[in-house]
Every structure is written in structure tokens, then in C-alpha cells.
Amino acid sequence: MTDQIESPTVRKVYHRLIPLLFLMLFFNYLDRSNIGFAELDMGDKLRLGPSIFGFAGSIFFLGYMVLEVPSNLLLHRFGARRWIGRILLTWGAVAALTAFVYDDTSFCVMRFLLGVMEAGFLPGIAVYVTKWFPERYRARAVGGYIIGNSIAAVLGGPSSTALMKYLDRFASLAGWQWMFIVAGAAAMILGLVAFRAMAERPADVKWLTAEQKAWLESALESEREALGGQRHVPVLRVIRDSRVWSLSILFGCALVGIYGLLLAGRFEPLSFGHQRC
């Protein structure tokens with residue numbers, strides 16, 4: 001009987017949640033990396049050099065790393081649905097408002113704020129998955145949404161440059177402005193969807209039967225008990241734990257390296273000897 005409930009339940013949860021998480025990761029990547037495409041036009045219009053774009057790309061991670069741990073503590077306090085929805089709404093708003101920067105200072109400030117607003121998003125999604133998928137199904141669930149970054153890396157260039165080309169001068173705005181507005185608005189829409197479509201735990205949804213809810217809650221509770229149950233850890237203890245901050249910094253530095261490689265080639269053409277390509 002358990003086997004007859006298990007597979008349909010996990011399949012239903014996967015099809016309900018993973019496509020939404022995939023879209024979140026897709027636009028998450030675009031909002032981080034689209035300054036590389038904006039530089040093609042934005043740099044000339046605002047007289048911003050490659051060094052400014054490189055600094056703006058890096059300062060994003062300063063706010064991201066500093067607030068990564070506090071953000072995830074607040075996620076536990078307010079609930080994953082509310083906090084992830086809040087992250088999407090505020091990061092989308094900042095991303096869209098980047099369309100109206102006017103100099104290097106305002107540009108760097110908005111990139112820093114984008115990191116602040118987005119802090120805790122990816123770890124928060126990972127925490128949310130643990131509330132819905134038993135351990136043996138978790139890797140597939142993570143793979144299902146994390147690939148959104150890879151797909152965005154492939155489609156980000158064509159979609160961003162298409163917006164810049166075909167919306168240029170529409171409503172008196174430049175193409176690079178529309179690129180920021182569209183990507184930011186998409187994140188905000190997903191934030192509103194998150195408030196309606198996401199739920200804290202299986203018992204809160206109507207699209208699972210009573211038997212499916214009971215099986216899933218039981219499976220997840222058994223795993224929690226095997227790990228020692230859910231223990232309340234004081235916030236100050238978490239903040240003072242050097243391992244937490246070390247892992248946060250390590251994760252942030254890894255992202256700086258990854259996005260540095262992705263963006264560097266867009267900001268400045270590569271040079272081999274005296275030949276530029």
C-alpha cells in the first residue's frame with residue numbers, strides 16, 4: 001500500500017513545486033548576470049567603463065555574503081513561503097529600478113542593494129525542498145530547479161540582447177533599461193505567485209489527498225527524528241558560530257569566482273599580444 005502512495009505523491013509534489021523553483025533560479029541568474037549584456041549599450045550612454053561594471057558585479061556579493069546567515073534565520077522565523085516571496089519581490093524591484101541609474105555611484109548602490117535583497121535565496125530554496133521531499137528524492141528535486149541557472153546561461157544572451165534591440169526607444173526608454181525592467185518584473189510576478197502557490201508543509205495544501213499528506217508528513221518526520229528532531233538554536237549561538245560564517249564566506253567567494261569568469265569576457269574583449277578579439 002505504501003508503494004502505491006509513495007510514487008504518485010512524490011511525482012505530484014515534484015510537478016507542483018519544481019517548475020516554479022526552476023523559474024525562480026532562471027530569473028535569479030538573469031538578474032545577476034545581465035549587466036554584462038547591458039554594458040554593450042549602457043556603458044556608452046552613461047559613460048561607464050569596464051572597471052565600473054567589474055566593481056558593480058563584485059559589490060553585489062558583499063551584501064549577499066554579509067546577510068546570508070541573518071536572512072536564513074529570518075526564513076525560519078517567518079516561514080519559507082513568506083520569506084522567499086519577500087526576497088523575490090524586493091530583489092525584482094531593485095533589479096527593475098536599476099534601469100533608472102544615472103551614474104557610476106547610483107549603479108554600484110543598486111547592485112549592492114540587489115545582493116542585500118537576494119541574500120538567503122538559494123539556501124532558502126534548499127531548506128524549502130527538505131520540507132517536501134524525503135531524502136532519497138531530494139537530489140532529483142535539487143537537480144530539477146538548479147538547472148535553471150544553466151538554462152539561463154544559454155538563453156540569457158539571446159533573450160537579453162533581443163530585448164535591448166527590439167524595445168530600444170520604446171516609451172522613450174533605451175533597450176538596456178527595458179532589459180532590467182522586464183527581468184525585474186518577472187521576479188516580482190514570481191514573488192506574488194510564491195505567496196499563493198507555495199505552502200509551508202504538505203498538510204497545508206489541497207492538491208494532496210489525506211493519505212498522501214499522512215505518508216509524506218510521516219516520512220519527513222521520521223527523518224527529522226533520526227537526525228535528533230527539530231531543536232531550537234538561539235540566534236546568538238548561530239551568529240557566534242565560526243563554522244556558519246566560514247561556510248557563508250566560502251560560498252560567497254565561490255560565486256564571485258564563477259560570476260567573475262562569466263562576466264569578465266563581456267566587459268572587456270580578450271587580448272592576445274597586440275591582437276584584440
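**Entry 1: the cavity**

Which residues line the largest cavity? I looked this up first. Asp31, Asn34, Ala95, Thr98, Arg111, Leu114 and Phe180 line the largest cavity. I noted what the words mean. On a 1 Å grid over the protein atoms alone, a cavity is a set of points where a 1.4 Å probe fits but cannot get out, and a lining residue has an atom within 4 Å of a point. Grid points are joined across faces, edges and corners, and the volume is the space filled by probe spheres set on the points.

The structure holds 1 cavity of 30 Å³ or more. The largest cavity has about 30 Å³ of space. I sorted its lining by type and got 3 nonpolar, 2 polar and 2 charged residues. In this sorting Ala, Val, Leu, Ile, Met, Phe, Trp, Tyr, Cys and Pro are nonpolar, Asp, Glu, Lys and Arg are charged, and the others, Gly among them, are polar.

**Entry 2: ground rules**

This is a predicted model, where local features need pLDDT of at least 70, side-chain atom pairs count only at pLDDT 80 or more, and totals for chains, interfaces and linings use all residues. Residues are numbered from 1 along each chain as its sequence is written, and side-chain values use heavy atoms, with hydrogens and water left out.

**Entry 3: the whole protein**

I listed the elements next. The protein has 12 helices and 2 strands. Helices (H or I, at least four residues) and strands (E, at least two) are DSSP runs, numbered from the N terminus. The order from the N terminus is α-α-α-α-α-α-α-α-α-α-α-α-β-β.

How many residues does the protein have, and what percentage count as buried? There are 277 residues, and 45% count as buried. Buried means under 20% relative accessible area, exposed means over 50%, and partly exposed is in between (1.4 Å probe, protein chains only).

I then looked at contacts (heavy atoms within 4.5 Å). Of the contacts with a separation of 6 or more, 81% join residues 24 or more positions apart.

**Entry 4: the UniProt record**

The unreviewed UniProt entry places "transmembrane region" at residues 13–30, 50–71, 83–102, 108–130, 142–164, 176–195 and 244–264. Such annotations may be inferred rather than shown by experiment. I checked two of these spans in the model. Residues 50–71 are 95% helix and 0% strand, with end C-alpha atoms 31 Å apart. Residues 108–130 are 91% helix and 0% strand, and their end C-alpha atoms lie 35 Å apart.

**Entry 5: Glu118**

Is Glu118 buried or exposed? Glu118 counts as buried because its relative accessibility is 0%. I found Glu118 in helix H6 (residues 104–118). Leaving out residues up to four places away in sequence, Glu118 touches Asn28, Arg32, Phe60, Tyr64, Ile87 and Trp91. Val94 is 24 residues from Glu118 in sequence, and their C-alpha atoms are 9.8 Å apart.

I looked for polar contacts here. A polar contact is a pair of N or O atoms within 3.5 Å; within protein, one must be able to donate a hydrogen and the other to accept it, and residues adjacent in sequence count only if both atoms are side-chain atoms.

Gln177 sits in helix H9 (residues 175–197). Its relative accessibility is 13%, so Gln177 counts as buried. What does the side chain of Gln177 reach at 2.8 Å? It reaches the backbone oxygen of Ala99. Beyond its neighbours within four places in sequence, Gln177 is in contact with Ala99 and Phe100.

Ser33 is in helix H1 (residues 2–33). It is buried, at 1% relative accessibility. A polar atom of its side chain lies 2.8 Å from the backbone oxygen of Tyr29.

Ser160 is in helix H8, and is buried at 4%. Its side chain reaches the backbone oxygen of Gly156 at 2.8 Å. Not counting residues up to four places away in sequence, Ser160 touches Leu30, Asn34, Phe37 and Met179. Asn34 also lines the largest cavity.

**Entry 6: positive phi**

Most residues other than glycine have a negative phi. I noted two residues with positive values. Arg47 has phi near 60°. It lies in the loop between helix H2 (35–46) and helix H3 (50–66). Arg47 is exposed because its relative accessible area is 79%.

Ser172 has phi near 65°. Its place is the loop between helix H8 (135–166) and H9. Ser172 is exposed too, at 60%.

Definitions and conventions: 1 Å grid on protein atoms, 1.4 Å probe; cavity = no way out; pocket = protein on both sides within 12 Å on 5 of 7 lines; lining within 4 Å.
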